[in-house]
Amino acid sequence: MRIRREIRARKALRDRIAYHGIGIGAAFFFLAPFAVSFLASFRPNSESGRPPLPPWPLSGLSFDAYRALDSFGSGIWQHMFNSLVVSIGTVVLTVAVSVLAGYGFSRYRFPFKNALFVLIIATLMIPFQSILTPLFIILARLGLNNSLLGLMLVYVTLQLPFSVFMMRNAFDAVPKEIEEAARIDGARDLRLLVRVLLPLVMPGIATVSIFAFLNAWNEFFAALVLLSSNDNYTLPVLMTAVRAGRLGAINWGAVEAGVAVMVVPCLFVFLLLQRYYMRGLMAGAVK
Amino acid sequence: MMTSSLTSTTRRSRLKRKSGWRGLVYIAPAMGLVTIFFVLPVLFTLWMSLHKWPLLGEPAWIGLRNYTRMFTDARFFNALGFTAHYTLIVTIAIFAVAFPLALFVEKQRPLVSLYRTIVFLPVVVGLASASLLWVWLANVDSGLFAPLFDMLGLTAGRINLLAKFDTAFMTIIVMVVWKIAGFTMIILLTGLQAIPTELTEAARIDGAGGWQRFRHLTLPLMRRTMALALILSVTGSILAFDQFYIMTSGGPQNKMISVVYYIFNQSFVSFNLGYGAALSIALLLILVTLSVVQLWLLKVGDERP
Amino acid sequence: MFTKLMAATALISASMISVASAETISMWVRSGIGDSFKEVVKAYNAAHENKVELTEVPFAELVQKYATAIAGGQAPDALSLDLIYTPAFAAAGQLEDLTDWAKALPYFNSLSPSHVKLGTYEDKIYGLPLTVETSIFAWNKDLYKKAGLDPEKAPATWEEITANAEKIRGLGGDTYGFYFSGGGCGGCMIFTFTPLTWGAGADILSADGKTATLDTPQMRKAVDIYRNMIAKDLVPAGAASDNGVNFLSFTNGKIGQQSLGAFAIGTLVTQHPEIDFGVTLIPGVDGKPSSFAGGDNFVVTKGTPKLADVKEFLEYTYSPEGQKIMAKYGSLPTRGDIANEVLEGLDPRLKVGLDAIAVAKTPYTLQFNDLINSANGPWATFTNAAIYGDDVDGAFADAQAEMQSIIDAGQ
């Protein structure tokens, strides 16, 4: 009996070691590139051209790389500000538009409802890279080219299939009885939506927001083509200039610093709202 | 509820018509955006594809000539071939990593949510950031891999990973697996968690071993989820662009030109906008076909739950 | 009296005009060409009513962005355009005809001839030289000394360069004898590598630009010279995948010899004073030197309302003052008549860049981007495949065929 228990205990220990061994190995693989680049970004200029072995600064902490990054374009704060404006604007607009559309698709019947829904979802199938030239021309006609607002509207459109789908499901999940009860209490339409239903679909909104934020923050190609003046460049476009190097030499320190500046907000937002992100992903996967 | 079911049919139909109008108002902003920034550009692309459309100067109508040109364009077929090759390899690689990870993080164990989160982290950063990060890591002089391999004695001297097709391709595959595996893992995880525990318990009591349970219980029940994960991976890989553009500029020797890269080159480097548009339409058709297959796959999964 | 009055009125109206039209000229310049143009704009803005607003566009995206901006009606008033693109843009009818004004400039005949030639399309002038750039050969005198070579003796043949490279590589570690951007950088290679064949009388395109003439004994020999240096490990491994971002590796002080642009002289002198270097012309495979005349042409977007202001600015850059500022930051003088005066007091090595203009060539083709510059074009692919690949004959055959098919498709 005792021997048996001992064997079981030993097996449990072995299992635990194996489990954490694999876990730590996986964590290392997925975390190391971030860690190496982040640490290396604090190396002084004299070390930035050398391999990151070890990755941390050897002769004291230095912000040389960030200073070098700041010397590109209109300064890093300006570009960070642009990226923030575009990302937050995209979040606000995406939420507003997709809440309305999700509610409409969930609660109302109207002609061509299914066809219109499929049309919105169908935008997922088209690589938007291929329609960029017409997009540019249309934005120019609207006087919105080289503007952050124009870029925002494009991003909102790119977010719509996922967001409308999410919000329709969120509204579908709200029991009809709640709405009926509120209706009897005299709440109608927009007021009903804002006062009664909105709190109930908050998790859906959080999911939509975080996806909109991350995608707008990270998008590179549309920003590259649609923005044409230095002052408006978002971070990823700035990074092409950094990657292209200056005076025929690439400053890897500035690249590391730029990666850190672009990555840290994503990780922060994700870790903060992880629950909603995962829920959104899983809801999407189950449907 | 009761009252509404008791209302007369005339009243109900009037309500319906009224709500129909309202519903359209709610979806109007979304439809407006989709029309202006999606439907119009697509129609415009279709129109352009029927022209010889230089970026500078006047477009000229040439009918279907852009489409016939495609069939004799060796570079387009190379791009198709490479994209298919890449899609196949990267999908296998992602599944090979993501499936074990999903099994690994499925059970509630200490620290499991931490491991899950860490594996997922690269998913939330942009592909452009990830490519930039890895192009540095893969740089022969200032990066990590070549000096590390050299130091560990794995290679004789520093090897320039990005200089030869095989090693450059491998680097990109590893980068994409690093970036995407967490995503596929979560998708697969939802499928795993949807399997009722009673079923696995019953199988266990019946004496089915781990592999048997996986083969005869888990896999069949995962069909739908696997199909979804597969489709997401395939669609994403077919549209791959950033990693080739940023990490190897399509090199070495143009062996890494994906379809989207080729369209980009035709449209924005050679300025053959008409031909680029025709290629876009062709890509669109490929993706639509795949989507139809996707719906069919999911349906098949439905019939045999 | 009358003339005085006239002069006064003219003066007043002139000043009124300049007050009334304190315009902002929007202008684009590609990033990575050095600071000379930025500095001249700074000086101009400080001294004039009109202002030039400069936008730096990543060099790989400039042409695309400009073309898209024209399509969207949002192009800048003027542009510093890589001179090799001027024919294509002029042919597309997007540039302002500057012929009459240009020919009236008193120093028109002494403007850099290659630039004016490339700026001319069907006998009309659409582009004028803004920055002049030639390719030259540089060697690191310190490394020469360490390797036991005579630091003051410029190598005159590729045999000599290879032998020197071997001695420098002999210093060991991460010191290398030679460098070039071999990872499919069409622009870098046309700039530094074709002079090997030009000096020996061959070219990659026929004179009318309608036939690809890549496969010549001279080109074969040039490829062999580079292959040989790689086989002997005289070139850093990073060169094989460098698509141009590390074009100035010479500045890290561990490269013994490299073909560079004359602008690098300015960069080296101002940014890397620790590097002691010499410059000479790039030898051809048979020893006769040649060079690539590059740089930017100043072009004006067709229909800009600010034509007069743009001209005023260009005249400023041509003034001795403007020329002096440009030269100080590494651009060679565009005006031959005052070149010596402009270079006076500056680094004597800039003279080599100026001398190169006399032996320099520039290919004239409407398809420069597709043929040469595009990272995925036949020339860029060829340079990597022929120098690094296993199948040299195949590389020649493929590139020759693809170049010809691109030329034919463009007819």
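What we have here is a predicted model, in which local features need pLDDT of at least 70 and side-chain atom pairs count only at pLDDT 80 or more, while totals for chains, interfaces and linings use all residues. Residues are numbered from 1 along each chain as its sequence is written, and chains are lettered from A in the order in which they are written.

Let me begin with chains A and B, where 67 residues of chain B are in contact with 68 residues of chain A. On the chain B side, helix α2 (residues 9-48) gives the largest share, 21 residues, helices being DSSP runs of H or I with at least four residues, numbered from the N terminus. That side divides into 49 nonpolar, 14 polar and four charged residues, where Ala, Val, Leu, Ile, Met, Phe, Trp, Tyr, Cys and Pro count as nonpolar, Asp, Glu, Lys and Arg as charged, and the others, Gly among them, as polar.

Turning to chain A itself, an automatic or database domain assignment divides the chain into domain 1 (2-65) and domain 2 (74-286). Their centres, taken over C-alpha atoms, are separated by 34 Å, and eleven residues of domain 1 of chain A are in contact with nine residues of domain 2 of chain A. On the domain 1 side, α1 (2-40), α2 (45-48) and α3 (64-70) of chain A each give two or more residues, with the largest share, four residues, coming from α1(A).

Notes. Contact = placed C-beta atoms within 7 Å.
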